[in-house]
Amino acid sequence: MLKDSKAFQGFSVNDIEAAKAFYGEKLGLDVSENEAGLTLELAGDRGTLIYPKDDHEPASFTILNFPVADVEATVDALTERGVTFERYEGTEIETDAKGVFRGGGPLIAWFKDPAGNVLSIIDEGETS
């Protein structure tokens, strides 16, 4: 019934203007405004809806994962643009000083948008 539907994802934020600046300027993504909020134009021709919600609570999971060829270089570049990577110490997903998880599997680093939603960059091929 739905297999041919062009599904899309969405998530909420508490400040559309802050989200537009973060996703557009800091992350360098194409962002367009629409009647519902914002649309992130992601690779693969799948837009992601960002909508305002007054009583927004950050998701308790990673909402977007960005596969990259080089996690180290991407962490450095995003850090220069003002993105702060999460540090998880003393946990099963412990990260290093840069915020990179090297505990097995692909290298991955997590960061938050201004609304507190968690995103990640994840290595397309390298494993730690």
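## Overall fold

The protein chain in this predicted model has a secondary structure made up of two helices and eight strands. Followed along the sequence, these elements come in the order β-α-β-β-β-β-α-β-β-β. The radius of gyration of the protein chain is 15 Å, close to the 14 Å given by the globule rule for 128 residues, and the chain is therefore as compact as a globular protein of that length.

Along the principal axes, the C-alpha atoms of the protein chain fill a box of roughly 40 × 35 × 25 Å.

## Surface and charge

Of the 128 residues in the protein chain, 37% are buried. The chain exposes about 7700 Å², and carbon and sulfur atoms supply 48% of that area.

## Salt bridges around K98

Side chains of opposite charge can pair when their charged atoms come close. A search of the whole structure finds seven salt bridges, and one of them joins the side chains of E72 and K98, with a distance of 2.9 Å from N to O. Because E72 lies in helix α2 (residues 71-80) and K98 in the loop between α2 and β6 (100-101), this pair ties together parts that are 26 residues apart in sequence. Both partners are partly exposed, E72 with a relative accessible area of 23% and K98 with a relative accessible area of 32%.

The side chain of K98 also meets that of D76 in a salt bridge, at 2.8 Å from N to O. Here again K98 belongs to the loop between α2 and β6 while D76 belongs to helix α2, so the pair ties together parts that are 22 residues apart in sequence. D76 is partly exposed as well, with a relative accessible area of 34%.

## A further pair and a network

Another salt bridge is formed by R87 and E89, whose closest N and O atoms are 2.8 Å apart. R87 counts as partly exposed at 41% relative accessibility, whereas E89, with a relative accessible area of 54%, is exposed. Elsewhere, salt bridges that share partners join E72, D76, D96, K98 and R102 into one network.

Key
Residues numbered from 1 in each chain as written. Predicted model: local features only at pLDDT ≥ 70, side-chain atom pairs only at ≥ 80, totals over all residues. Heavy atoms only, no water. Salt bridge = Lys/Arg side-chain N within 4 Å of Asp/Glu carboxyl O. Helix = DSSP H or I, 4+ residues; strand = E, 2+ residues; numbered from the N terminus. Buried < 20%, exposed > 50% of the residue type's maximum accessible area, 1.4 Å probe, protein only. Rg over C-alpha atoms; globule rule 2.2 N^0.38 Å. Areas by Shrake-Rupley, 256 points an atom, 1.4 Å probe, with all protein chains shown as cover.
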